[in-house]
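Here's a quick briefing to read alongside the structure. Have the sequence and the 3D view open, and we'll go through them topic by topic.

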Amino acid sequence: PPAPAAAVAAAAATAAITGAAAPKQPFTSYLRRVEVTLDPDPEAAPSGSSSSTTTSGQGGARVLVWEKALHTGPHRDGLEVKRVGTTPCRAKVTITLDQQPEHVVLPPPLAKALGVAHETRP
């Protein structure tokens with residue numbers, strides 16, 4: 001069977017010829033990692049699933065992590081974070097895209113030696 005990326009590309013090419021819309025990929029299929037950091041909240045209870053982890057960060061902040069590599073179910077069109085309590089808190093959301101091939105930023109000495117600042121891995 002063709003690779004998933006090849007199948008999507010073939011479907012998109014067919015859609016372009018026939019005028020139909022290309023198949024939509026779920027939102028989480030584009031992500032590698034999502035990290036949500038919540039300000040300290042003594043009422044917050046840790047929760048998660050097989051594809052997320054909860055840890056305590058600096059100053060007692062809650063850090064929730066969703067990783068594609070640990071995700072076992074179907075991809076979804078969104079992620080939802082719930083917490084126990086009604087006290088407002090600040091949240092910092094860090095999203096890492098699943099870029100293929102993977103894009104990396106080189107350390108300054110290596111970038112200067114090679115003459116490039118960004119590179120991809122095969």
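Where is the place of threonine 28? You'll find threonine 28 in the loop between H1 and E1. Bear in mind that this is a predicted model. From that loop we'll move on to the strands, the core, the salt bridges and the surface.

- Threonine 28 has a relative accessible area of 2%, so it counts as buried, the limit being under 20%.
- Leaving aside residues up to four places away in sequence, threonine 28 touches Trp66, Lys68, His75, Arg76, Gly78 and Leu79.
- Serine 29 sits in the loop between H1 and E1 as well, and at 15% relative accessibility it is buried.
- With residues up to four places away again left out, the contacts of serine 29 are Lys68, His75 and Asp98.
- Lysine 24 is also in this loop, which runs between helix H1 (4-18) and strand E1 (31-38).

**Strand pairing**

- E1 pairs with E4 in the antiparallel sense, over 7 bridges.
- One spot to look at here is valine 34, whose bridge partner in E4 is isoleucine 95.
- E1 and E3 run antiparallel too, joined by 6 bridges.
- On the E3 side, arginine 62 is what stands opposite leucine 38.

**The nonpolar core**

- The largest nonpolar core has 6 residues: Leu31, Val34, Val36, Leu38, Leu64 and Trp66.
- At least two residues of this core come from each of E1 and E3.
- E1 gives the largest share of the core, 4 residues.
- Trp66 of this core is also among the contacts of threonine 28.

**Salt bridges**

- How many salt bridges does a search of the whole structure find? The search turns up 6.
- As background, side chains of opposite charge can pair when their charged atoms come close.
- Aspartate 77 lies in the loop between E3 and E4, so its pairing with lysine 24 ties together parts that are 53 residues apart in sequence.
- Are lysine 24 and aspartate 77 buried or exposed? Both of them are exposed.
- Arginine 32 and aspartate 98 meet through their side chains in another salt bridge, at 3.0 Å from N to O.
- Since arginine 32 is in strand E1 and aspartate 98 is in the loop between E4 and strand E5 (103-105), this pair ties together parts that are 66 residues apart in sequence.
- Arginine 32 has a relative accessible area of 27%, so it is partly exposed.
- Lys68 joins in as well: Arg32, Lys68 and Asp98 are linked in a network of salt bridges.
- Lys68 and Asp98 also turn up among the contacts of serine 29.
- Arginine 33 and glutamate 35 make a salt bridge whose closest N and O atoms are 2.8 Å apart.
- Glutamate 35 is partly exposed at 23% relative accessible area, and arginine 33 is partly exposed at 28%.

**A nonpolar patch on the surface**

- Phe27, Leu79, Val93, Ile95 and Leu97 form a nonpolar patch on the surface, and together they have about 450 Å² of accessible area.
- The relative accessibility of leucine 79 is 40%, so it counts as partly exposed.
- Leu79 also belongs to the contact list of threonine 28.

Conventions: Residues are numbered from 1 along each chain as its sequence is written. This is a predicted model: local features need pLDDT of at least 70, side-chain atom pairs count only at pLDDT 80 or more; totals for chains, interfaces and linings use all residues. Side-chain values use heavy atoms; hydrogens and water are left out. Patches are made of residues with over 30% relative accessible area and no salt bridge: like charges are joined within 9 Å, nonpolar side chains (Val, Leu, Ile, Met, Phe, Trp, Tyr) within 5 Å. Accessible areas come from the Shrake-Rupley method with a 1.4 Å probe; for residues, only the protein chains shown count as cover. A salt bridge is a side-chain nitrogen of Lys or Arg within 4 Å of a carboxyl oxygen of Asp or Glu. Buried means under 20% relative accessible area, exposed over 50%, partly exposed in between (1.4 Å probe, protein chains only). Contact means heavy atoms within 4.5 Å. A nonpolar core is a set of buried Ala, Val, Leu, Ile, Met, Phe, Trp, Tyr and Cys residues joined through side-chain atoms within 4.5 Å. Two strands pair if DSSP finds at least two bridges between them.
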